[in-house]
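This report concerns the pairing of charged side chains. Please consider the sequence and the structure shown below.

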Amino acid sequence: MAIARKEKKKLKTKSLGSGSGASTRSMSDLRPDHVEKLAPCMSNCPQGTAVRDAFNIIRLYEKHGKTKEEAYTDAFYKWTENNPMPAVLGRVCPHPCEINCNRIHRTDSNEPVSINQIERFIGDWALEQKLPLVKRDDAEEYSEKVAVIGSGPAGLGAAFHLAKRGYKVTIFEALKNPGGMLRYGIPAYRLPREVISAEIQRILDLGVELKTETIIGKDVPYDKLTEEFDAVFVGIGAHKGKMLRVPGEDADNVLSGVEFLNQLNSGNPPEIGDKVVVVGGGDSAMDAARSCLRMGADVTVVYRRTRNEMPAIEEDIVGAEDEGIKFNFLCTPVEVFKDDDNKATSIKCQKMELGEPDDSGRRRPVPIDEFFDLDITFLIPSISQEPDFDGLENLKAGPREWVHADEFMQSTDCDCFFLAGGDVLDLGLVTTALGQGKRAAQTIHQRFRGLPIQFDSKPEVIEPKTWKSDVDGTEHHNLLPGYFAETERVEKHELPVEDRFKDAEKEIVETITEDEVFAELARCLSCGKCVECGQCWTYCQDACVVKPLKPGEKYKFKLENCKGCGKCEEVCPCGYIDMK
């Protein structure tokens, strides 16, 4: 049923003509109420980043009497209430927020809003303006001290959320510089070192103490740490690469993917020669392969499944393909051949076929009786990685297990109590590690203050099935024609392949422009929260809806005038009004 716009009528009128042309409208005892709902992008972000709210700050800047600069600043502080590293995440996050974007249910492009690219724009703008992070309004100077082991995403997330509450935090980092896998596992062409350093420094500027080149369990006994600090967060990451366990892989020119990337990003790249084979299909494998290509080598990736099963981020696989990396699928090395100088010269590979799915949900590779050799000058097994528990064996859940933690990041299956997050629990995303650090900080605060250990309550997630429609009765949100932009998604800008190798560290993706940011913001549906369009006021025929005097304030309802027709709920493009 199409929505017909009618002129407002005086309060005393009895006419209740409906949008369908009928002479009367049905009345009910239901009355409108503003019910904020959780946007699916926010619900699918491990950090709970206030995506929709930050976007609305920018898109409504003129209506709210702000300059663009003021809006960008306010959006940055809204974003960093939960996520302290938007410039970093805007580059390396595979944006699970976009997977749930309700925009994909529209009939135009069916593409999500480019949330990740807007995040990067906000983060870069804040770095250019040198905006600091700030403490919470309710922060106090607490006496409790917290030790954080590891300065990767999980440790940084915990330190940030503790420091902004007012706790004394000390980070202990084994390596020379902070950042963990952000700095030592991701190549500079994807994540510039200056971006990492700048966003970490803002966290330290909140009063966080950093002690680098300090290995807990060796330089400082773990027991001493527990004596000096009131709580310990363990975020040591997974910096130890797993090998293939085949004959000959002890050759001098064989390095795990993690170790290779560590040496490269530490400024001590190994001599790799001109023929490199990388084994694996994950993110680290793609990073290692593309880095070797920038070092001048001919690179082949060997993977035991097919391209469809590769766990690496799709855009990184495409990038590797575009840059000319070769892929050998359905095969795996079974032996490394060495010369008298303990140098690997070739590998023997066995072919595979896919069988039934395994525990990962992917089809299991099954060896077949076919083999071939590949000549190499360097071999990089990048099949997995694990934490190095040397000196911290007492933290492990078992001889072959890592750390176990509950949903509040509290350790389980261990004699000593601590909190943990990041890759020490399980290999995962940067945003997941940051989110786990945040949750651990909340748990520590709740324990210190004698509060219940619990999650914050959240509103229900607004999904397409909860929305109404005026098109063929399908259950989609009633989006008014032309109200939200019917434009195609803004995609990333990447350097042409031929320009990527002039400088091995040159960033290959550019930040989108200001105009593109606003084009994308116009596509955001502001799911579950008012976007101040005034449609409820326009279509109400009973003077029930009252416009606010000041932009940014809520519309109000004169319920004594309401007939319960539900028109306001029907025309709200954001699903913010419920009839109850």
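How many salt bridges does the structure hold? The structure holds 36 salt bridges, each being a side-chain nitrogen of Lys or Arg within 4 Å of a carboxyl oxygen of Asp or Glu.

## Basis of the values

The model is predicted: local features need pLDDT of at least 70 and side-chain atom pairs count only at pLDDT 80 or more, whereas totals for chains, interfaces and linings use all residues. Residues are numbered from 1 along each chain as its sequence is written, and side-chain values use heavy atoms, with hydrogens and water left out.

## Glu507 and Arg91

Glu507 and Arg91 form a salt bridge whose closest N and O atoms are 2.6 Å apart. The pair links distant parts of the chain, 416 residues apart: Arg91 belongs to helix 4 (residues 86-92), and Glu507 to the loop between strand 18 (493-494) and strand 19 (509-510). Helices (H or I, at least four residues) and strands (E, at least two) are DSSP runs, numbered from the N terminus.

Both partners are buried (under 20% relative accessible area; exposed is over 50%, partly exposed in between; 1.4 Å probe, protein chains only): Glu507 has a value of 19% and Arg91 one of 11%.

## Lys492 and Glu315

A salt bridge also joins Lys492 to Glu315, at 2.3 Å from N to O. Lys492 lies in the loop between helix 14 and strand 18, and Glu315 in helix 13 (residues 314-322), 177 residues apart. Lys492 is partly exposed at 23%, and Glu315 is likewise partly exposed at 32%.

## A network

Salt bridges also link Arg190, Asp287, Arg290, Arg294, Asp316, Glu323, Glu494 and Arg500 in a network.
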